[in-house]
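Q: I am new to this structure and would like to learn how to read its strands and helices. Could we go through them one feature at a time?

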Amino acid sequence: MTDIIHLLPDSIANQIAAGEVIQRPASVVKELVENSLDADARHIHIIITDAGRTLVQVIDDGKGMSTTDARMSFERHATSKIKTTGDLFALYTRGFRGEALASVAAIAQVELKTRRAEDEMGTLLKIAGSKVESQEAAFCAVGTTISVKNIFFNVPARRKFLKSNETERRNIFTEIERIALVNPAIEFTVIENDVQTMHLPPANLRQRIVQMQGKGINQQLIEINEETTLAKIHGYISTPQFAKKGRASQFFFVNNRYIRHPFFHKAVMTAYEPLISAAENPNYFICFEVEPDTIDVNIHPTKTEVKFENERTLWQILMVTVKESLGKFNAIPSIDFDTADAPDIPIFDPSKPASMPKVSVNPDYNPFQASHGDGSRASRPRLDWEQLYKGFENEGKETSVSPDPNAALFQAGHSSSLTSPKHYQYKQKYILTSVKSGLMIIDQHRSHVRILFDKYLSQITDRKGISQRVLFPEMIELTSSEASSLSEIMEDMEALGFELSDLGNNTFAIQGVPSELQNIDAVALVRSMIDKNIETGCNIQEEVHESLALSMANFTAIPVGKLLSEEEMQLMVNQLFACQSPNHTPDGKAIITVISDDEMDNKLKSF
């Protein structure tokens, strides 16, 4: 029998490895920028064309490489950091001119220019699909320039699965944001399609957060700082009043590397529990500094998930640190007693005898008598049940039924003699109405979400939204990734009736809103729509439309607790049953339930 196991050629092996490391243009940006940081670069320029499909170029002023190192950096398993097994557990850096470059070169056309400070001439190296095309001496500045062109040019199946330019652009800025936040001393410049879209001068951590998140965040930042034998924890958290229901800016970093950590996120939320509702999210930017041999960064290919040796202990330290910082900055509200109408309580004097308090009682008081204006009391009239039931029979006519708080309840529950439906609002949350099979219960908020979703979706697809100009435009400051998401959905928002003007530097003016919206927080609404788009990550146009319509419907639907008139309830029920899917909201939540006559009869029989 012929042997069937054989070694893969390097070109194929590199493409397989690239599949784990390079998933999209953002992956290339991440790997190249991290290499620049490890080369001690102080200024990093990122140049992007067509959201990275055509070109990703990173220019740094770091150490540079020798001719031999430049060539070796593209070999598989090439590294400048690891020489022994022990080095695997003592890594502070990310990857110096190695590891990822072989993967990048396997799926793109790469050009490298590099020179060390001690060399007069640099090196120019060209590689395409893992094949070295040329290497020669060249004049260039100290540092390294890597140009990655036509990503996945030789893997068309992978290129086909890239998302839209706006989605890929948003992913690029997400990676840049994660790196730039934790490296505030480094200057970053981003140029897209020959236009500079980001410039971050050197700063401290707080200034870098403001640079990336907007000036409005500065007033809400609370510093945290704790150092123990296990770790140093520092950074910033937001005051509780700035917590929001939508997506928040939440970042964990360990040894200057961005990580995801749901367990530590729970620690932060536990500290905020007494101060915010369960649906709200605070912003936080928290950095851990630990010994590298106490963590494992290789449990996930992108190294965004990290396993800590002392995880439970660090959980407690983090929770207490956040809670103490909230307390120090008076974030926890003190109990403020209202003393305006309080009795004057004298100070206790032990030298004076204490007397027993006296209570005045009127022995002639009768609580079952009503009071006249002159102070005399009269018997309270009893409820005339016979007259009340006559009121049911004469529904819609003038009656002389005495006012009683129970009457409305009885009338609302009685529908046998009505010529048209009569609705009853229960606890300002549900609409109850009688149907042939029993009692129908309608969730008023979910019902309105269903109605508005259909309306907004129709406006987007038919481009029939009417805009109403606002008297005073409102400004909204976004992060780069949020601005990218906004440009992705801008056309559909205009179809709804929004008018937004780009003021530059990721700041927009809201000049108009849909005409049917009254007294709405336009900034919060726009943010919720951006957050929903980022959260869902939709790319198919129909899904984007539905996501926008649902986000706007959830934000503008009547809330639980709103009192509705009979006419409003009637209109809502009519509109709900005019919808194609009245039973459920667009995200699958039940709107209607019916308690049958048999169910009610069985419950009454049990008494």
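A: We can, keeping in mind that this is a predicted model. One definition comes first: two strands are said to pair if DSSP finds at least two bridges between them.

Q: How many residues lie between the strands in the hairpin of β1 and β2, and which residue there takes a positive phi?

A: Strands of a sheet pair through backbone hydrogen bonds, either parallel or antiparallel. Here β1 (residues 43-49) and β2 (residues 55-60) pair in the antiparallel sense over six bridges, and the hairpin they form has five residues between the strands, with Asp-50 taking a positive phi near 55°.

Q: Which residues stand opposite Ile-47?

A: In β2 the bridge partner of Ile-47 is Gln-57, while in β7 Ile-47 stands opposite Ile-191. Strand β7 (residues 187-192) runs parallel to β1, and six bridges join the two.

Q: What is the order of the strands in the open sheet?

A: The eight strands follow the order β5-β4-β3-β6-β2-β1-β7-β8, with mixed pairing. The edge strands, β5 (131-138) and β8 (195-200), each pair on one side only.

Q: Which residues of helix α9 are buried?

A: An α-helix has 3.6 residues a turn, so residues three or four places apart point the same way. In α9 the buried residues include Leu-314, Ile-317, Leu-318, Thr-321 and Ser-325, and the buried residues of this helix pack against β9, β10, β11, α8, β13 and β15. Its 18 residues, 311-328, should span 26 Å at 1.5 Å a residue, which agrees with the 26 Å between its end C-alpha atoms.

Definitions and conventions: Residues numbered from 1 in each chain as written. Predicted model: local features only at pLDDT ≥ 70, side-chain atom pairs only at ≥ 80, totals over all residues. Heavy atoms only, no water. Helix = DSSP H or I, 4+ residues; strand = E, 2+ residues; numbered from the N terminus. Expected span 1.5 Å × (residues − 1). Buried < 20%, exposed > 50% of the residue type's maximum accessible area, 1.4 Å probe, protein only. Contact = heavy atoms within 4.5 Å.
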